[in-house]
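Subject: Structure for your review

Dear colleague,

I am handing over the structure below, and I would be grateful if you could look through it with the notes that follow.

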Amino acid sequence: MLTLFRRGRYLAWVPPKEVNSSSKLLLSALLSTINTPYPITSSTNESKKHPPPIQVLQTESAGRGVYATRNIEAGELIHTAKPIVSHPSLSSFSTVCYLCLKKLPNANKQPSEAQSIAFCSEDCKREAKVFYEVEKQVDWSAYEDYCRCQGLKYPLLVKRLACMVIHGASSPNKLDILQPAKLSPDMVLQMEKELDLLRNTFKIAGFTDEVTSFLTKQWYVDALARIRINAFRIELVGAYEDLLLSAGALVEAEAAVGNAIYLLPSLYNHDCDPNAHIVWIENVNARVKALREIETGEELRICYIDASMNRDARQHILSHGYGFECSCFRCLSDD
(Lines give C-alpha, C1' and ligand atoms only; values in the text may rest on other atoms or scores of the structure.)
Protein backbone atom coordinates (compact mmCIF):
# COMPACT_ATOMS: atom_id res chain seq x y z
CA MET A 1 0.00 0.00 0.00
CA LEU A 2 2.47 2.62 -1.02
CA THR A 3 3.70 4.10 2.27
CA LEU A 4 1.71 1.53 4.21
CA PHE A 5 2.18 -1.18 1.62
CA ARG A 6 0.23 -4.38 1.89
CA ARG A 7 1.97 -7.71 2.07
CA GLY A 8 1.01 -11.10 0.76
CA ARG A 9 1.77 -14.77 0.46
CA TYR A 10 3.19 -16.08 -2.82
CA LEU A 11 6.73 -15.09 -1.97
CA ALA A 12 7.77 -18.62 -2.88
CA TRP A 13 7.70 -17.43 -6.47
CA VAL A 14 10.13 -14.54 -5.93
CA PRO A 15 13.55 -15.18 -7.51
CA PRO A 16 16.12 -15.39 -4.67
CA LYS A 17 18.29 -12.70 -6.24
CA GLU A 18 15.39 -10.25 -5.96
CA VAL A 19 14.80 -10.82 -2.23
CA ASN A 20 16.66 -8.82 0.41
CA SER A 21 17.31 -9.98 3.98
CA SER A 22 14.06 -8.60 5.39
CA SER A 23 12.11 -10.25 2.59
CA LYS A 24 13.79 -13.57 3.40
CA LEU A 25 12.45 -13.32 6.94
CA LEU A 26 9.02 -12.57 5.54
CA LEU A 27 9.30 -15.51 3.14
CA SER A 28 10.15 -17.82 6.04
CA ALA A 29 7.16 -16.56 8.02
CA LEU A 30 4.83 -17.06 5.07
CA LEU A 31 6.02 -20.57 4.35
CA SER A 32 5.44 -21.48 7.99
CA THR A 33 1.72 -20.70 7.58
CA ILE A 34 1.10 -23.37 4.93
CA ASN A 35 -0.49 -25.79 7.42
CA THR A 36 -3.12 -23.31 8.61
CA PRO A 37 -6.87 -24.00 8.75
CA TYR A 38 -7.24 -21.51 5.93
CA PRO A 39 -4.93 -23.00 3.24
CA ILE A 40 -2.83 -20.38 1.48
CA THR A 41 -2.55 -22.44 -1.68
CA SER A 42 -5.33 -22.35 -4.24
CA SER A 43 -8.08 -24.89 -3.81
CA THR A 44 -8.13 -25.78 -7.51
CA ASN A 45 -6.08 -28.57 -9.04
CA GLU A 46 -5.26 -26.32 -11.97
CA SER A 47 -3.55 -23.80 -9.70
CA LYS A 48 -1.55 -26.58 -8.07
CA LYS A 49 -0.19 -27.60 -11.47
CA HIS A 50 0.49 -24.05 -12.61
CA PRO A 51 1.53 -21.34 -10.14
CA PRO A 52 -0.16 -17.95 -10.57
CA PRO A 53 1.46 -15.71 -13.22
CA ILE A 54 2.84 -13.30 -10.65
CA GLN A 55 5.89 -12.66 -8.53
CA VAL A 56 6.61 -10.40 -5.56
CA LEU A 57 9.34 -7.79 -6.05
CA GLN A 58 10.48 -4.57 -4.46
CA THR A 59 8.93 -1.46 -6.01
CA GLU A 60 10.79 1.80 -6.34
CA SER A 61 8.67 3.67 -3.82
CA ALA A 62 5.92 1.43 -2.44
CA GLY A 63 7.68 -1.44 -0.76
CA ARG A 64 6.75 -4.81 -2.15
CA GLY A 65 4.44 -5.21 -5.09
CA VAL A 66 2.92 -7.90 -7.30
CA TYR A 67 4.21 -8.16 -10.90
CA ALA A 68 3.11 -10.20 -13.90
CA THR A 69 5.48 -12.96 -15.02
CA ARG A 70 3.72 -13.26 -18.39
CA ASN A 71 1.10 -11.44 -20.44
CA ILE A 72 -2.31 -11.62 -18.77
CA GLU A 73 -5.52 -11.28 -20.76
CA ALA A 74 -8.39 -8.98 -19.81
CA GLY A 75 -10.88 -10.85 -17.63
CA GLU A 76 -8.41 -13.63 -16.81
CA LEU A 77 -8.59 -15.16 -13.35
CA ILE A 78 -5.12 -14.50 -11.97
CA HIS A 79 -5.46 -16.43 -8.73
CA THR A 80 -7.79 -17.18 -5.84
CA ALA A 81 -7.12 -16.78 -2.12
CA LYS A 82 -8.65 -18.02 1.10
CA PRO A 83 -8.60 -15.78 4.19
CA ILE A 84 -6.36 -16.30 7.17
CA VAL A 85 -9.19 -14.98 9.34
CA SER A 86 -12.71 -13.79 8.54
CA HIS A 87 -15.91 -12.94 10.38
CA PRO A 88 -19.51 -12.23 9.33
CA SER A 89 -20.96 -8.81 10.03
CA LEU A 90 -23.25 -8.61 13.06
CA SER A 91 -26.28 -8.17 10.79
CA SER A 92 -25.39 -11.29 8.77
CA PHE A 93 -25.12 -13.92 11.52
CA SER A 94 -28.41 -15.61 10.61
CA THR A 95 -28.08 -15.29 6.84
CA VAL A 96 -24.56 -16.46 5.96
CA CYS A 97 -22.28 -19.37 6.81
CA TYR A 98 -20.38 -18.63 9.99
CA LEU A 99 -17.13 -19.67 8.28
CA CYS A 100 -17.18 -19.00 4.53
CA LEU A 101 -19.90 -16.29 4.54
CA LYS A 102 -21.88 -18.05 1.82
CA LYS A 103 -25.57 -17.11 1.79
CA LEU A 104 -27.63 -19.78 3.55
CA PRO A 105 -30.54 -21.44 1.70
CA ASN A 106 -33.00 -20.34 4.42
CA ALA A 107 -31.58 -16.83 4.69
CA ASN A 108 -35.00 -15.23 4.22
CA LYS A 109 -36.48 -17.17 7.13
CA GLN A 110 -36.44 -15.77 10.64
CA PRO A 111 -34.25 -18.16 12.65
CA SER A 112 -34.64 -18.93 16.33
CA GLU A 113 -31.91 -17.82 18.72
CA ALA A 114 -30.45 -21.33 18.71
CA GLN A 115 -30.23 -21.25 14.93
CA SER A 116 -28.69 -17.78 14.65
CA ILE A 117 -25.27 -19.29 13.86
CA ALA A 118 -25.08 -21.92 11.12
CA PHE A 119 -22.71 -23.45 8.58
CA CYS A 120 -23.46 -24.08 4.92
CA SER A 121 -21.83 -27.52 4.88
CA GLU A 122 -20.19 -30.19 7.00
CA ASP A 123 -16.85 -29.17 5.53
CA CYS A 124 -17.24 -25.62 6.83
CA LYS A 125 -18.43 -26.89 10.18
CA ARG A 126 -15.37 -29.09 10.44
CA GLU A 127 -12.94 -26.34 9.39
CA ALA A 128 -14.53 -23.92 11.84
CA LYS A 129 -13.53 -26.07 14.80
CA VAL A 130 -10.25 -24.16 14.98
CA PHE A 131 -12.12 -21.20 16.43
CA TYR A 132 -15.70 -22.31 17.10
CA GLU A 133 -14.82 -24.88 19.73
CA VAL A 134 -13.60 -21.95 21.80
CA GLU A 135 -16.21 -19.40 20.68
CA LYS A 136 -19.18 -21.57 21.64
CA GLN A 137 -17.97 -21.74 25.25
CA VAL A 138 -18.30 -17.99 25.61
CA ASP A 139 -21.29 -15.64 25.93
CA TRP A 140 -20.47 -12.97 23.37
CA SER A 141 -23.64 -10.91 23.81
CA ALA A 142 -21.99 -8.06 25.77
CA TYR A 143 -19.01 -7.94 23.41
CA GLU A 144 -21.20 -7.95 20.31
CA ASP A 145 -23.59 -5.37 21.78
CA TYR A 146 -20.64 -3.09 22.44
CA CYS A 147 -19.37 -3.49 18.88
CA ARG A 148 -22.86 -2.87 17.56
CA CYS A 149 -23.39 0.28 19.63
CA GLN A 150 -19.96 1.67 18.74
CA GLY A 151 -20.24 0.72 15.08
CA LEU A 152 -17.15 -1.52 15.29
CA LYS A 153 -16.39 -4.48 13.03
CA TYR A 154 -12.66 -5.16 13.29
CA PRO A 155 -12.73 -6.28 16.97
CA LEU A 156 -14.78 -9.26 15.76
CA LEU A 157 -11.80 -10.37 13.66
CA VAL A 158 -9.49 -9.95 16.66
CA LYS A 159 -11.89 -12.01 18.77
CA ARG A 160 -11.87 -14.80 16.22
CA LEU A 161 -8.07 -14.71 15.96
CA ALA A 162 -7.84 -14.88 19.76
CA CYS A 163 -10.06 -17.97 19.75
CA MET A 164 -7.79 -19.59 17.16
CA VAL A 165 -4.77 -18.87 19.36
CA ILE A 166 -6.47 -20.32 22.44
CA HIS A 167 -7.45 -23.41 20.43
CA GLY A 168 -3.83 -23.82 19.35
CA ALA A 169 -4.57 -23.45 15.64
CA SER A 170 -2.73 -20.15 15.30
CA SER A 171 0.26 -18.41 16.80
CA PRO A 172 -0.30 -15.02 18.49
CA ASN A 173 2.01 -13.33 15.95
CA LYS A 174 0.18 -14.66 12.89
CA LEU A 175 -0.52 -11.17 11.54
CA ASP A 176 2.94 -9.73 12.18
CA ILE A 177 3.83 -10.06 8.49
CA LEU A 178 1.18 -7.45 7.67
CA GLN A 179 1.96 -3.75 7.84
CA PRO A 180 0.11 -1.90 10.65
CA ALA A 181 -1.66 1.42 10.46
CA LYS A 182 -0.54 4.46 12.38
CA LEU A 183 -2.74 4.95 15.44
CA SER A 184 -3.72 8.11 17.26
CA PRO A 185 -3.78 8.23 21.09
CA ASP A 186 -7.59 8.29 20.99
CA MET A 187 -7.63 5.14 18.87
CA VAL A 188 -5.28 3.37 21.29
CA LEU A 189 -7.50 4.40 24.21
CA GLN A 190 -10.53 2.97 22.41
CA MET A 191 -8.66 -0.27 21.81
CA GLU A 192 -7.82 -0.55 25.51
CA LYS A 193 -11.54 -0.50 26.31
CA GLU A 194 -12.17 -3.24 23.77
CA LEU A 195 -9.32 -5.32 25.15
CA ASP A 196 -10.66 -5.06 28.71
CA LEU A 197 -14.04 -6.23 27.50
CA LEU A 198 -12.51 -9.13 25.57
CA ARG A 199 -10.42 -10.26 28.53
CA ASN A 200 -13.41 -10.05 30.85
CA THR A 201 -15.57 -12.01 28.42
CA PHE A 202 -13.07 -14.86 28.37
CA LYS A 203 -12.68 -14.68 32.17
CA ILE A 204 -16.43 -14.97 32.77
CA ALA A 205 -16.42 -18.04 30.51
CA GLY A 206 -13.83 -19.68 32.77
CA PHE A 207 -10.67 -19.26 30.72
CA THR A 208 -7.67 -18.83 32.98
CA ASP A 209 -5.15 -16.00 32.88
CA GLU A 210 -2.55 -18.52 31.77
CA VAL A 211 -4.58 -19.45 28.69
CA THR A 212 -5.21 -15.81 27.75
CA SER A 213 -1.78 -14.48 28.74
CA PHE A 214 -1.08 -13.44 25.13
CA LEU A 215 -3.92 -10.88 25.34
CA THR A 216 -1.65 -8.01 26.26
CA LYS A 217 -2.20 -4.39 25.29
CA GLN A 218 0.67 -4.60 22.83
CA TRP A 219 -0.74 -7.73 21.18
CA TYR A 220 -4.24 -6.34 20.86
CA VAL A 221 -3.15 -2.96 19.51
CA ASP A 222 -0.75 -4.55 17.02
CA ALA A 223 -3.34 -7.08 15.81
CA LEU A 224 -6.14 -4.54 15.44
CA ALA A 225 -3.86 -2.00 13.75
CA ARG A 226 -2.90 -4.55 11.12
CA ILE A 227 -6.50 -5.64 10.65
CA ARG A 228 -7.68 -2.03 10.22
CA ILE A 229 -5.30 -1.38 7.33
CA ASN A 230 -5.51 -4.81 5.64
CA ALA A 231 -9.13 -5.94 6.04
CA PHE A 232 -11.33 -6.40 2.99
CA ARG A 233 -15.07 -5.71 3.04
CA ILE A 234 -16.78 -8.80 1.63
CA GLU A 235 -19.68 -8.19 -0.74
CA LEU A 236 -20.96 -11.22 -2.60
CA VAL A 237 -22.09 -10.95 -6.21
CA GLY A 238 -23.83 -14.30 -6.40
CA ALA A 239 -23.54 -16.36 -9.56
CA TYR A 240 -22.15 -13.59 -11.75
CA GLU A 241 -18.98 -14.90 -13.34
CA ASP A 242 -18.55 -12.27 -16.05
CA LEU A 243 -16.29 -9.50 -14.78
CA LEU A 244 -18.42 -6.63 -16.09
CA LEU A 245 -21.61 -8.18 -14.78
CA SER A 246 -20.05 -8.84 -11.38
CA ALA A 247 -18.80 -5.26 -11.16
CA GLY A 248 -22.29 -4.02 -11.93
CA ALA A 249 -23.82 -6.40 -9.41
CA LEU A 250 -21.62 -4.97 -6.68
CA VAL A 251 -23.36 -1.62 -7.09
CA GLU A 252 -26.69 -3.22 -6.23
CA ALA A 253 -25.29 -5.61 -3.62
CA GLU A 254 -26.67 -5.73 -0.11
CA ALA A 255 -24.59 -4.56 2.83
CA ALA A 256 -21.30 -6.35 3.30
CA VAL A 257 -21.70 -9.86 4.68
CA GLY A 258 -18.45 -9.63 6.62
CA ASN A 259 -14.76 -8.79 6.65
CA ALA A 260 -11.61 -10.83 6.04
CA ILE A 261 -7.83 -10.69 6.11
CA TYR A 262 -5.78 -12.28 3.32
CA LEU A 263 -2.08 -12.59 2.66
CA LEU A 264 -1.60 -12.31 -1.09
CA PRO A 265 -4.47 -9.87 -1.79
CA SER A 266 -3.09 -7.68 1.00
CA LEU A 267 0.12 -7.28 -0.98
CA TYR A 268 -1.40 -5.51 -3.99
CA ASN A 269 -0.65 -1.79 -4.13
CA HIS A 270 -3.27 0.82 -4.93
CA ASP A 271 -4.10 2.67 -8.13
CA CYS A 272 -7.13 4.86 -8.85
CA ASP A 273 -7.17 3.35 -12.35
CA PRO A 274 -6.40 -0.29 -11.47
CA ASN A 275 -5.57 -3.11 -13.85
CA ALA A 276 -6.83 -5.83 -11.48
CA HIS A 277 -9.96 -6.34 -9.44
CA ILE A 278 -11.00 -8.57 -6.52
CA VAL A 279 -14.39 -10.29 -6.70
CA TRP A 280 -16.25 -12.48 -4.20
CA ILE A 281 -18.67 -14.72 -6.08
CA GLU A 282 -20.45 -16.89 -3.52
CA ASN A 283 -18.25 -16.97 -0.43
CA VAL A 284 -15.25 -15.38 1.26
CA ASN A 285 -12.75 -16.88 -1.19
CA ALA A 286 -11.25 -13.96 -3.13
CA ARG A 287 -10.85 -14.09 -6.92
CA VAL A 288 -8.36 -11.67 -8.46
CA LYS A 289 -9.12 -10.90 -12.11
CA ALA A 290 -7.49 -8.69 -14.71
CA LEU A 291 -9.52 -5.64 -15.70
CA ARG A 292 -7.51 -5.19 -18.89
CA GLU A 293 -4.52 -6.69 -20.67
CA ILE A 294 -1.42 -6.73 -18.48
CA GLU A 295 2.05 -7.04 -19.95
CA THR A 296 4.92 -9.12 -18.60
CA GLY A 297 6.75 -7.20 -15.89
CA GLU A 298 3.87 -4.79 -15.27
CA GLU A 299 2.80 -4.25 -11.66
CA LEU A 300 -0.70 -5.44 -10.80
CA ARG A 301 -2.68 -2.93 -8.78
CA ILE A 302 -6.15 -2.80 -7.30
CA CYS A 303 -8.24 0.15 -6.11
CA TYR A 304 -8.78 0.33 -2.36
CA ILE A 305 -11.69 2.76 -2.59
CA ASP A 306 -14.54 3.90 -4.83
CA ALA A 307 -12.69 4.95 -7.98
CA SER A 308 -15.65 7.03 -9.18
CA MET A 309 -14.98 9.74 -6.57
CA ASN A 310 -13.19 12.92 -7.56
CA ARG A 311 -9.49 13.40 -6.89
CA ASP A 312 -9.87 15.40 -3.66
CA ALA A 313 -12.24 12.84 -2.15
CA ARG A 314 -9.96 9.95 -3.11
CA GLN A 315 -6.90 11.68 -1.69
CA HIS A 316 -8.71 12.45 1.56
CA ILE A 317 -9.82 8.85 2.12
CA LEU A 318 -6.47 7.36 1.14
CA SER A 319 -4.58 9.80 3.36
CA HIS A 320 -6.77 9.40 6.43
CA GLY A 321 -7.71 5.77 5.97
CA TYR A 322 -4.53 4.26 4.54
CA GLY A 323 -1.80 6.74 5.41
CA PHE A 324 -0.45 7.73 1.99
CA GLU A 325 -0.87 10.31 -0.76
CA CYS A 326 -1.70 8.66 -4.06
CA SER A 327 0.54 9.58 -6.98
CA CYS A 328 -1.08 7.44 -9.66
CA PHE A 329 -1.55 8.81 -13.19
CA ARG A 330 -5.17 9.80 -12.51
CA CYS A 331 -4.28 11.77 -9.41
CA LEU A 332 -1.27 13.46 -11.03
CA SER A 333 -3.53 14.40 -13.96
CA ASP A 334 -6.10 15.84 -11.51
CA ASP A 335 -8.72 13.44 -12.85
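Predicted model: local features only at pLDDT ≥ 70, side-chain atom pairs only at ≥ 80, totals over all residues.

The sheets come first. Strands here are DSSP runs of E with at least two residues, and helices are runs of H or I with at least four residues, both numbered from the N terminus; two strands pair if DSSP finds at least two bridges between them. The sheet that holds the pair above is open, with 3 strands in the order 3-9-8 and antiparallel pairing. Because strand 3 (77-81) and strand 8 (276-279) each have a single partner strand, they stand at the edges, and one side of each is left without a neighbour in the sheet. Strand 3 is joined to strand 9 (residues 286-290) by 4 bridges.

Another open sheet has 4 strands in the order 1-2-10-7, with mixed pairing. Its edges are strand 1 (54-58) and strand 7 (269-270), each with a single partner strand, so one side of each has no neighbour in the sheet. Strand 7 runs parallel to strand 10 (residues 299-302), the two being joined by 2 bridges, and Asn269 has Arg301 of strand 10 as its bridge partner.

Turning to the helices, helix 6 (residues 154-167) and helix 7 (residues 185-204) pack at an angle of about 40 degrees, with axes 12 Å apart, where axes are lines fitted to C-alpha atoms, for helices over the stretch in contact, and angles run from 0 to 180 degrees between N-to-C directions. The contact (heavy atoms within 4.5 Å) is made by Pro155, Lys159, Ala162, Cys163 and Ile166 of helix 6 and by Glu194, Leu198 and Phe202 of helix 7.

Finally, Asn259 lies in strand 6 (residues 258-261) and counts as buried because its relative accessibility is 6%, buried meaning under 20% relative accessible area with a 1.4 Å probe and protein chains only. Leaving aside neighbours within four places in sequence, Asn259 is in contact with residues including Lys153, Tyr154 and Leu157.

Best regards

How values were computed:
Residues numbered from 1 in each chain as written. Heavy atoms only, no water. Buried < 20%, exposed > 50% of the residue type's maximum accessible area, 1.4 Å probe, protein only.
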